[in-house]
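Thank you all for coming; I would like to take you slowly through one structure today. Please keep the sequence and the picture in view while I talk.

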Amino acid sequence: MTSQTTIDTTGSGGNVPATPSGATPGKGLRGHPWLTLITVAVGVMMVALDGTIVAIANPAIQKDLGATFAQVQWITNGYFLALAVSLITAGKLGDRFGHRQTFLIGVVGFAAASGAIGLSDSIALVVTFRVLQGLFGALLMPAALGLLRATFPADKLNMAIGIWGMVIGASTAGGPILGGVLVEHVNWQSVFFINVPVGVLAVVLGVWILLDHRAENAPRSFDLPGIALLSAAMFCLVWALIKAPEWGWGDSRTWAFVIASVVGFALFAFWETKVREPLIPLALFRSVPLSAGVVLMILMAIAFMGGLFFVTFYLQNVHGMSPIDAGLHLLPLTGMMIVGSPLAGAMITKVGPRIPLAGGMTLTAIAMYGMSTLETDTGSGLMSLWFALLGLGLAPVMVGATEVIVGNAPMELSGVAGGLQQAAMQIGGSLGTAVLGAVMASKVDSDLAGNWEKAGLPPLTSEQEHQASEAVQVGVPPVAPGTPDAIAAKITGVAHDTFISGMSAASLVAAGVAVVAVLVAFLTKRGENAGAGAGAAHI
């Protein structure tokens, strides 16, 4: 196994070590491995945090901007989809033009898009800038991993990646708590404004500390048709899942988008076998453990992100909690992810990823099943139990994914594999909100009319029933102003009971997804390249 090299930019010809001369790690600030880790962690924290911090702000955004349920979903789906589609391409950009430059551009763009969201006065602008957030976030995520691989020696790289993974896990889980504090004590816009000073800090540290690293065999062209095909296929799939509750699963429009998605993925796979520098080299998937790791990340994110989407509405709109109280009720999830991540990392190092990953997804399945039993009057203790189990189950997957996917990829494709690992999580998050959102909407549509009639409430017109269904899908009782208290109480009871039935169905689907992930986890194994890094460097 050869040590990593970079393109000679000094004009002397030939290859130079991964760490440029005159910048020995550990001597001085520029290029220092641990300072590099701190720097990239600040940037990555923004991206991971924004994956979930917005969940706690969704009810406030929906109310303030008058958004529909589907539009609220696109605040999350647009961000995840842009990340997922762009990560592999962004990784290639980093290899070609330098990870330092790519990282800094990503941080600046992400912070600027965040500020623009805070200044937006319509849901269309919020979704548009969320997509831009995702695109710039995609630039800095693979670049961060590339900087770590180029800076740390082999015997310290696993530790660095473990801390890197813990930052992602803790930020992802801590989003709802920070979001609750900001939404309650400031406003929903502050959830996005906070990224501006964090971005400034990351840029200052990056200019001061980061060294440029470029791959020896950097790509000279970009797979634009592959990018277009993958983007179109993903869009058609998620759009079909979101619109199916409105159109109906038997509607020709729903199936047109599903079929278009399948055709798009098939054309993408065919094209990737023909192009000289493919977006995703399909040879990667000849490794069963690597493929299993990718599938595992997708399944985990479906269960986690999709489930978390409804929990925030359950806590705020059904239990009537303030945003900060809702965030604090999710503290067991956050705490167990922070505590469980280093423990999972140590266990994975000792026994390999298979048992910890299977055990983690088993706990996730149990937690999601437990969440399907939640009622309108469930106490905080029982809720905390299921949230804590979920955090403990997710920790091994968050930490172990890099070793399974990147470690099982050939060294020359390790950067692409790193982007693939992140893309899998973002795709899973987007699919999770779409799939479980479709389950929720379908269940509410099927139960609402019957529950309404059983409560002895006046019948609704078709238009009123549609409007009521959209409100109930986020746990909001469709009570018109001036409604007598007795009638309002009945409507509230029907709305909450119907929402609970929908959330229960969605949680059971998430539990089933987690069970499938347990089986997939048994196909994983430690990769031969997991510890490869800047072998010429010494701390």
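There are three salt bridges in this structure, where a salt bridge is a side-chain nitrogen of Lys or Arg within 4 Å of a carboxyl oxygen of Asp or Glu. Before I go through them, please note that this is a predicted model, in which local features need pLDDT of at least 70, side-chain atom pairs count only at pLDDT 80 or more, and totals for chains, interfaces and linings use all residues. Residues are numbered from 1 along each chain as its sequence is written, and side-chain values use heavy atoms, with hydrogens and water left out.

Are R130 and D50 buried or exposed? Both of them are buried, which for us means under 20% relative accessible area, while exposed means over 50% and partly exposed in between, with a 1.4 Å probe and protein chains only.

Another salt bridge is formed by K443 and D447, whose closest N and O atoms are 3.3 Å apart. Both residues lie in helix α15, four residues apart, which is about one turn of the helix. K443 is partly exposed because its relative accessible area is 30%, whereas D447, at 18%, counts as buried. The side chains of D251 and R253 also meet in a salt bridge, at 3.1 Å from N to O, and R253 counts as partly exposed because its relative accessibility is 43%.

Let me turn now to the surface. L119, F193, V196, V200 and V204 form a nonpolar patch there, with about 450 Å² of accessible area together. Such a patch is made of residues with over 30% relative accessible area and no salt bridge, its nonpolar side chains (Val, Leu, Ile, Met, Phe, Trp, Tyr) being joined within 5 Å, and the areas come from the Shrake-Rupley method with a 1.4 Å probe, where for residues only the protein chains shown count as cover. Which helix gives the most to the nonpolar patch? That is helix α7, residues 195–209, with three residues. V204 lies in helix α7, and V204 counts as partly exposed because its relative accessibility is 49%.

Conventions
Patches are made of residues with over 30% relative accessible area and no salt bridge: like charges are joined within 9 Å, nonpolar side chains (Val, Leu, Ile, Met, Phe, Trp, Tyr) within 5 Å. Helices (H or I, at least four residues) and strands (E, at least two) are DSSP runs, numbered from the N terminus.
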